Amino acid sequence: MEQASSDLEGQLQPAPLEPLGYADGELEAAVGEKAEGAQEESSGLDTMTENNFWLKKIEISVSEAEKRTGRNAVNMQETYTAYLIETRSVEHADGQSVLTDSLWRRYSEFELLRNYLLVCYPHIVVPPLPEKRAEFVWHKLSADNMDPDFVERRRIGLENFLLRVASHPTLCRDKIFYLFLTQEGNWKETVNETGFQLKADSRLKALNATFRVKNPDKRFTELKHYSDELQSVISHLLRVRARVADRLYGVYKVHGNYGRVFSEWSAIEKEMGDGLQSAGHHMDVYASSIDDILEDEEHYADQLKEYLFYAEALRAVCRKHELMQYDLEMAVQDLASKKQQCEELATGTVRTFSLKGMTTKLFGQEAPEQREARIKVLEEQISEGEQQLKSKNLEGREFVKNAWADIERFKEQKNHDLKEALISYAVMQISMCKKGIQVWTNAKECFSKM
Amino acid sequence: MFELDFLDASLMDINSFSPMMPTSPLSMINQIKFEDESDLKDLFITVDEPESYVTTIETFITYRIITKTSRGEFDSSEFEVRRRYQDFLWLKGKLEEAHPTLIIPPLPEKFIVKGMVERFNDDFIETRKKALHKFLNRIADHPTLTFNEDFKVFLTAQAWELSSHKKQGPGLLSRMGQTVRAVASSFRGVKNRPEEFMEMNNFIEIFSQKINLIDKISQRIYKEEREYFEEMKEYGPIHVLWSASEEDLVDTLKGIASCIEKCCKATEKQMSGLSEALLPAVHEYVLYSEMLMGVMKRRDQIQAELDSKVEALTYRKGDTDLLTEEIGKLEDKVECANNALKADWERWKQNMQNDIKSAFTDMAEENIHYYEQCLATWESFLTTQTDLHIEEDSEDKL
């Protein structure tokens, strides 16, 4: 049986955050020894966090996507795509990899995993999933979820998600994540049995806290502001990029028409014929070159999109902080008010307006025994409240400390990834220019031979 | 090769001084010699300074035409006149009349129907001015047309002189009459068209089709490039905006924005190359192809005239002696016309090849230059991103 709640509490405590096999372009992650042929019902997460010694490295890949039909929750026929997740363990010595696990998952299961992680690790910036529906499309791209290109890009996105989780120092140790990779049947039930949904904060509560919190940590306020800006600017960039891609596609493809017409024209020309014909061929080459160019750019767009979605993950952490802070502020307020009540009862003075005060005035003071009883209750409540406040304070400080550590980790990752993506964009442009030079040089030669 | 054609021909093309009387071969040989020694170009024409001319009845544009020449038959060595589009139309008409089977250079269209609201739009006037310049220079370069009297008058006469000159010669009505007869008889002319002209006609038909398509494609490319340019202009600055919230990525983001801006400028330059060179060149040949069809028709008409007389003789309609005499003259006329066309056709094809070749070669050159500029921009940006690890990665990708 999973010791769900204690596991979750355990997560909130400062676990030893040793950096483990970061995804370093090599796409590997470290997982405990138990990864190999472990029994599903092994003991809780504590065991994994404390006792394990990372011996082997594993490779995760989402290698295939397949269209399936099945019956959904309301027994209706539906079509969906399933993704094959393969896990390989890599022997240290010779680098050979052995397939240890292989199972199929659909997008909704990924969503469930992510929701679970969001609830159980509110201080972590949880990696985002690739988009559910195709957005920022331009005319050649399809907005259809079943479109093979979309499915392919989503497959890559899902793989990326798993790698991000696997390379996160905290998340990689999660039991449910491990089971996601290894236990095909019953995984959904297992997740639900953890009861994580009960731990989830209601949206309304979170919204309320955001508006009413008085003293959130300034850094989180700034972070929220930053994430809004990030989301806005990346959306804008992606939108315009899609339009630019559309236009560029048009320019290249229209040149293809030259190919056909030159070829037809060459039929009536004696001296010019050959030159025209071969120039026409180069126009065709030019026109078709745009397909690969824009496909590469689409991967670049996906890299930016990941960080667009990360903005929401950042906001989630901020919201949690606001919630905890508000909770704390409410507890302080509550304690203060109880203390005051107590004081008033003890001294018999009524400093502030209260119903009790009113009734006392109207109906006379209550009996001393009643008053004593009430004071006792209040004193108990105050004592309890002070305990709770202490632990809430501790929790809050721990949260801020851990969250901020992860945010720093995230910032470094973001700076590294975005810089790499931007540079890869420049590399793509260079490649496009080189192709262009080659085609037009060839065409020019043909033209000059006419 | 050009010389050979003319020397072989027994009768020369219709001379401009007296439209109906052929001149001796000798005088034509002298003209050819001038043409071959292309360094001895002795007629330089420029068209510029479009100006609006307003009267109570109408408004029109006049263009300044400057002619510099060393030719004896011109009274002076330099002339400056102003002409309007109508005057160009008149000149073209006169040339066609005098040389029905020569390939007269085309004039720019009267109006451009699509996408043009006002006649006096700046781009329209500029394009027209350049086309008119081309028109006059093509005539100047033509071995026969360059000596046409109406051409000379056009280049040199003052406004009132031109008006009075225009009033001479066959009037509008008689030309209209000719057209009606022409339509009726050209059908017959097609039936008896010699093989080589069948081939020529076939070429013209296909050429006309293809050049029209190329014209459309080229215009479309320009349009797409313009829209691409507009989007790129918006794309670059977003990176600058982003850099405001990313401390560590400022240089990279601003670098990219700057590259995009530079590529935008390169696009602009490439586009203007397109609109100044390729588009007008291709369009001129679209107009030429229409011209050529007209020339074929006129050749067919001339032949039809002969054929109808021959037919009349065969069926003994009318005075046999008179008909025989007329047929004799018409046979000469047909042979003259055919030879003129044949020679001019070869010349035209040669020019067309050169013009198309150079227009597309230049276009390819512009595109190469465009990509080279962009390449240099991005490569120099990449070298500023000095992270060694990343550079290794990018080299792998390349």
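So, salt bridges: searching the whole structure turns up 61 of them over all chains, where a salt bridge is a side-chain nitrogen of Lys or Arg within 4 Å of a carboxyl oxygen of Asp or Glu. Keep in mind that this is a predicted model, where local features need pLDDT of at least 70, side-chain atom pairs count only at pLDDT 80 or more, and totals for chains, interfaces and linings use all residues. Residues are numbered from 1 along each chain as its sequence is written, chains are lettered from A and ligands numbered from 1 in the order in which they are written, and side-chain values use heavy atoms, with hydrogens and water left out.

Let me start inside chain A. Arg106(A) pairs with Glu78(A), with the closest N and O atoms 3.0 Å apart. Arg106(A) sits in strand S4 and Glu78(A) in strand S3, so this bridge ties together parts 28 residues apart in sequence. Strands here are DSSP E runs of at least two residues and helices are H or I runs of at least four, both numbered from the N terminus.

Then there's Asp201(A) with Lys320(A), again with closest N and O atoms 3.0 Å apart. Asp201(A) is in the loop between H7 and H8 of chain A while Lys320(A) is in H10, so here the parts tied together are 119 residues apart. Lys320(A) is buried, at 19% relative accessible area, and Asp201(A) is partly exposed at 32%. For those words, buried is under 20% relative accessible area, exposed is over 50%, and partly exposed is in between, with a 1.4 Å probe and protein chains only.

A local one for contrast: Arg155(A) and Glu152(A), 2.9 Å between the closest N and O atoms. Both lie in helix H4 of chain A, three residues apart, about one turn of the helix. Over in chain B we get a network, linking Asp48(B), Glu49(B), Glu51(B), Arg64(B), Glu80(B) and Arg82(B).

Now, the interface. How many salt bridges are there between chain A and chain B? Eight. One of them is Lys444(A) to Glu365(B), with the closest N and O atoms 2.3 Å apart. From chain A, helices H9, H10 and H12 each supply at least two residues to the side touching chain B, and H9(A) gives the most, with 25 residues.

The contact (heavy atoms within 4.5 Å) takes 56 residues from chain A and 57 from chain B. Together the chains bury about 5,900 Å², 74% of it on carbon and sulfur atoms; that's the accessible area, with a 1.4 Å probe, that two parts lose on being put together, summed over both. Arg247(A), Tyr258(A) and Trp265(A) supply 11% of what chain A buries against chain B, more than any other three residues.

One spot in chain B: helix H5. Six of its eight residues are buried, so the helix is largely enclosed by the rest of the structure. Among those buried are Phe151(B), Val153(B) and Phe154(B).

Last, confidence. The model scores ipTM 0.80 and pTM 0.79. Chain B has a mean pLDDT of 82, with 79% of its residues at 70 or more; pLDDT is the predictor's confidence in each residue, from 0 to 100. Which helix of chain B has the lowest confidence? H1(B), at a mean of 32, whereas H8(B) is highest at 95. Residues 1–37 of chain B have pLDDT below 50. Where pLDDT is low, the predicted coordinates should not be read in detail.
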